[in-house]
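Work through the exercises below with the sequence and the 3D structure open beside you. Try each task yourself before you read its solution.

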Amino acid sequence: MTTLELVPGLVTTREAIAAAYGCGTFQGIEPADDAGMVFVYSDPSAGAEYGYTFDGRADDDEFGPLYLYTGAGAKGDQKPSGRNSSVLTHAEKGRELHLFVAHGKVPGGGAMQQRYVGQMVLDPVQPYEQRWAPGADGVLRRVLVFRLRPVPGSTLDEANPIEPATQDTLIELPEPPKASEPAKPVKVPQQTKAKDKQTEQHATAQTTATVTGGKREVIRREGQLVTAFEAHLKSLGHTVKSFQITVKGERGTLVPDLYDATDNALYEAKGKSRREDVRMAIGQLLDYRRHIGAPPGLRLVVLLPSYPSEDVQDLLVTEGIYLVVQVGDDFEGFPLPA
């Protein structure tokens with residue numbers, strides 16, 4: 001093997017990376033088992049060919065910088081197995097994850113150049129989001145959008161931001177998206193084999209690697225709540241769907257938790273019943289309603305794991321929003337009033 005020093009900003013080719021680390025050259029996710037590394041190649045322009053533009057640096061959230069990367073699989077639902085498993089289990093197996101983005105063609109040749117962004121780690125709180133997009137055959141299918149964070153000592157300075165949507169879109173989903181399970185707790189590595197070209201300027205900010213179990217617990221509880229209520233609705237013969245929304249000029253997608261087509265009711269769930277959680281749910285419901293071409297009589301509902309304070313309940317009544325609360329195996333507030 002040849003040697004190749006990974007420095008953020010380095011422009012190279014897949015062939016050079018393969019020669020140095022022993023991975024393949026054709027797939028978006030290329031494990032290099034002997035080197036203990038996984039290489040991820042992101043090309044947002046290629047994603048646009050299939051009608052989705054999920055890849056790129058997303059807006060920072062409460063835990064810091066975030067890069068979104070669509071998983072492997074050109075047709076049919078993407079699964080958390082195969083090459084996608086290489087990303088999902090990289091930290092658990094002690095493998096480094098390195099991100100490259102497409103950087104135009106080699107001068108005078110047809111090969112695509114790759115610009116090295118840096119060493120990443122899969123978000124241990126929410127490893128991926130489930131989105132829907134057409135496959136290479138044009139059939140709508142589930143895709144996994146991985147959430148990558150720079151490891152301490154690395155940055156996303158070399159990453160391209162997600163391109164804003166060029167038009168408003170509304171996709172009616174055949175079922176609600178499934179929440180990803182939190183990643184197993186692992187020790188997140190410092191930047192190792194990769195070299196930092198400006199180490200002295202990169203103060204290590206807090207990332208999801210240091211997040212305690214609180215956020216993980218909320219995500220798990222919210223997902224379990226939606227799954228349980230969806231099963232309850234289906235047991236009663238209700239048709240359950242959701243929507244995927246993009247807004248012209250904005251990055252990312254909006255996805256309501258659940259739409260009960262039988263009752264014409266749109267639900268937003270929260271893993272806790274605090275005032276701030278309910279207020280967020282109210283805002284989300286009002287925003288979603290604007291974009292889904294609300295059918296006449298659409299009802300908005302907040303789904304919670306316990307009752308909020310009486311004042312928060314009064315707030316929901318004032319805004320004309322229904323409340324459904326899980327109590328044991330039952331859901332109080334459901335069926336909704338006629």
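**Exercise 1.** How many salt bridges does a search of the whole structure find?

*Solution.* Before counting, note what kind of model this is: it is predicted, so local features need pLDDT of at least 70 and side-chain atom pairs count only at pLDDT 80 or more, while totals for chains, interfaces and linings use all residues. Residues are numbered from 1 along each chain as its sequence is written, and side-chain values use heavy atoms, with hydrogens and water left out.

A salt bridge is a side-chain nitrogen of Lys or Arg within 4 Å of a carboxyl oxygen of Asp or Glu. With this rule, the search of the whole structure finds 20 salt bridges.

**Exercise 2.** Find the salt bridge between R142 and D77, and explain which parts of the chain it ties together.

*Solution.* Begin with the distance: the closest N and O atoms of R142 and D77 are 2.2 Å apart. R142 lies in strand β9 (residues 140-150), whereas D77 lies in the loop between β5 (64-70) and α3 (83-88), so the pair ties together parts that are 65 residues apart in sequence.

Finally, judge the exposure, where buried means under 20% relative accessible area, exposed over 50%, and partly exposed in between (1.4 Å probe, protein chains only). R142 counts as buried because its relative accessibility is 19%, and D77 is partly exposed because its relative accessible area is 29%.

**Exercise 3.** Describe the salt bridge between E129 and R147, and then name the network to which these residues belong.

*Solution.* The side chains of E129 and R147 meet at 3.0 Å, N to O. E129 sits in strand β8 (residues 128-134) and R147 in strand β9, and the pair, 18 residues apart, links distant parts of the chain. Both E129 and R147 are buried. The network of salt bridges in which they take part also includes D61, D123, R131 and R149.

For another pair, turn to E276 and R274, whose closest N and O atoms are 3.7 Å apart in a salt bridge. E276 is partly exposed, since its relative accessible area is 47%, and R274 is partly exposed as well, with a value of 39%.

**Exercise 4.** Which strands pair with β6, and in which direction does each pair run?

*Solution.* Two strands pair if DSSP finds at least two bridges between them. Six bridges join strand β3 (residues 37-42) to β6, and these two run parallel; here M37 stands opposite E96 in β6. Seven bridges join β6 to β7, which run antiparallel, and the bridge partner of L99 in β7 is G118. β6 and β7 form a hairpin with six residues between them, and G108 in the turn has a positive phi of about 80 degrees. As for its cover, strand β6 (residues 96-105) has seven of its 10 residues buried.

**Exercise 5.** Is Q113 buried or exposed, and which backbone oxygen does its side chain reach?

*Solution.* Q113 has its place in strand β7 (residues 112-122). Its relative accessible area is 17%, and therefore Q113 is buried. The side chain of Q113 reaches the backbone oxygen of K105 at 3.4 Å. Taking contact to mean heavy atoms within 4.5 Å, and not counting residues up to four places away in sequence, Q113 touches several residues, including V11, T12, V101 and P107.

**Exercise 6.** Which residues have the most contacts inside the largest nonpolar core?

*Solution.* A nonpolar core is a set of buried Ala, Val, Leu, Ile, Met, Phe, Trp, Tyr and Cys residues joined through side-chain atoms within 4.5 Å. The largest such core has 20 residues, and L266, V302, L316 and I321 have the most contacts inside it. At least two residues each come from β11 (240-246), α5 (275-291), β14 (299-304), α6 (310-318) and β15 (322-327), and the largest share, five residues, comes from α5. L316 touches V278, I282, V302, I321 and L323, not counting residues up to four places away in sequence. Apart from this core lies another, of 18 residues, among them L99, V117, M120 and L148.

Methods. Helices (H or I, at least four residues) and strands (E, at least two) are DSSP runs, numbered from the N terminus. A polar contact is a pair of N or O atoms within 3.5 Å; within protein, one must be able to donate a hydrogen and the other to accept it, and residues adjacent in sequence count only if both atoms are side-chain atoms.
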